[in-house]
Amino acid sequence: MDLSPRERSEPRCEISVGTVRRRHVIYVGGYEPRGARGYYKLFQRECDRFQHVWPVSLTTQPGEFDSEDFAHWRADVRASNWQVSTAYDFLRLEKFIRSDMAEPMTRHIPRSLGWIVGDLVSGAQFRIFRASWRFGLHLLFVQLVLLTWLALAVTTGVAVAYLVTDHVGWSAPVGFVISLVVALASFVALQPIADRWGAIQIPSCWVVLRRFACGKATWLDQLIDVGARRLIAATQVNDADELVVVGHSAGCVIASAVVARALELDPDLGRKGPRLVLLTLGSVMPAVALHPAARRMREIIGRLAVESSLAWIDCQSRKDVMAFLNFDPVDGVGVHVGRDRCNPLTWRVRFKDMLSPEDYRRLRWKFFRVHFQYIMASDRPSSYDYILLIGGPLGIAEWAKQHDVLTLAFIRNGVPGSQGRQDVVMGTGR
């Protein structure tokens, strides 16, 4: 794990972590319409892949999809001398996302243009580029796709109007009507291409995130409250050693808000019962918080940064251009909490260690696929493997702190006790 000079110099809050036999995960995915059933298929596939790499056995129970708020399943991982049972809750966003993306273009386009203009005028776009030029280029690319889509449709309509009025001799009103029809037809014809390049999904996501961060009402508020109450209920049941809220991509915004809302409802959360962990993977939260009006988002970050009962682990990767790298998600967005700060702990994940050389080269320009590697199994043993992370016998906070010295002995020998754990962590276990 790499720590900044500031992180090395300032004291950090102590989180009590250790072995795990039962884990409860609440997962919040990014802004994608595939939903719970699609994610469950991905999870099963990665579990199968996982078993070809690690000397363990893994079984997953059939998913339960009868609730509108959560899907549920269980994964059991066994090795020669340890076993971990993980209850997995998937917070369901899909009906809201699908509803957003099904909005008529007469609403989607003005909202998307409002997002582009708003980020430019407010200075948010400049702040994002200054914080991470790679992430800024990713957003700029999507914005240019959207603008090019509109420009091509308009240009085609104007060109046809010019032809029928100047070269065919039709009247200007007729030419105007034809230009509108052609422009609309061009817009519709180009829509599948624009959609493939993210010109519908990604602007829809950012419209919602910007509204939420600035304190405006969105459908996120309902889900955050549902997730927070589920988190509190899981703590009260107290049938797990570790309670983990996982956020991926845009889901990191929701996952962080869920934990902050739960702490608001129950200030003793994490101080009794299961250890509490927030795991943010490939987070876009800094770009949300960098908007000058995003006070709500910065308040959430500030609340979590000083919560001593919480272990917040923020995973970043150099290979992922759709997230931030070497970026402090607290001070970097202008949230300064002084020496009370406990979180987050930054884990710089090396996808190159997880993937075969062939796959690593093949995925070089597949940015979406790379962005999902955080929640996928590895091709070969590495210190970061999502399935092992949420199904392994070591506390996630401890793993994040000691990942650079873990060895395969960690899997072979397990973590039988405090001394055994120390041997494994230091890479000397046999």
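Helices (H or I, at least four residues) and strands (E, at least two) are DSSP runs, numbered from the N terminus. This is a predicted model, where local features need pLDDT of at least 70 and side-chain atom pairs count only at pLDDT 80 or more, while totals for chains, interfaces and linings use all residues. Residues are numbered from 1 along each chain as its sequence is written, and side-chain values use heavy atoms, with hydrogens and water left out.

**Aromatic pairs**

- There are 26 aromatic pairs in the structure; rings of Phe, Tyr and Trp (its six-membered ring) pair if their centres lie within 6.5 Å, and planes under 30 degrees apart count as stacked, over 60 as edge-to-face and the rest as tilted.
- Tyrosine 39 and phenylalanine 43 make a tilted pair, at 6.3 Å centre to centre with 35° between the planes.
- Both of these residues, tyrosine 39 and phenylalanine 43, belong to helix α2 (residues 35-51), and they are four residues apart, about one turn of the helix.
- Tyrosine 39 is buried at a relative accessible area of 2%, and phenylalanine 43 is buried at 2%; buried means under 20% relative accessible area, exposed over 50% and partly exposed in between (1.4 Å probe, protein chains only).
- Phenylalanine 96 and tryptophan 219 are stacked, with 5.1 Å centre to centre and 10° between the planes.
- Phenylalanine 96 sits in helix α3 (residues 94-101) and tryptophan 219 in the loop between α8 (201-213) and α9 (220-237), so this pair ties together parts 123 residues apart in sequence.
- Phenylalanine 96 is buried, with a relative accessible area of 14%, and tryptophan 219 is buried too, with 15%.
- Ring pairs also join Tyr27, Tyr39, Tyr40, Phe43, Phe65, Trp73, Tyr88 and Phe90 into a cluster.

**A charge over a ring**

- Lysine 319 has its charged end over the ring of tyrosine 360, 4.5 Å from the ring centre; the rule is NZ of Lys or CZ of Arg within 6 Å of the ring centre and within 35 degrees of the ring normal.

**Cavities**

- You'll find five cavities of 30 Å³ or more, a cavity being a set of points, on a 1 Å grid over the protein atoms alone, where a 1.4 Å probe fits but cannot get out, with lining residues having an atom within 4 Å of a point.
- Grid points are joined across faces, edges and corners, and a volume is the space filled by probe spheres set on the points.
- The largest cavity holds about 80 Å³ of space, and its lining includes Tyr27, Tyr39 and Phe90.
- At least two residues of that lining come from each of α2, β4 (83-91) and α3.
- The lining of the largest cavity splits into six nonpolar, three polar and three charged residues; Ala, Val, Leu, Ile, Met, Phe, Trp, Tyr, Cys and Pro count as nonpolar, Asp, Glu, Lys and Arg as charged, and the others, Gly among them, as polar.
- The second largest cavity holds about 60 Å³, and Trp312, Asp314, Phe324 and Phe327 are among its lining residues.
- α11 (285-289) and β7 (310-317) each supply at least two residues of the lining of the second largest cavity, and β7 gives the most, with four.
- The lining of the second largest cavity divides into eight nonpolar, three polar and one charged.

**Histidine 24**

- Histidine 24 is part of strand β1 (residues 22-28) and is buried, at a relative accessible area of 7%.

Terms used
1 Å grid on protein atoms, 1.4 Å probe; cavity = no way out; pocket = protein on both sides within 12 Å on 5 of 7 lines; lining within 4 Å.
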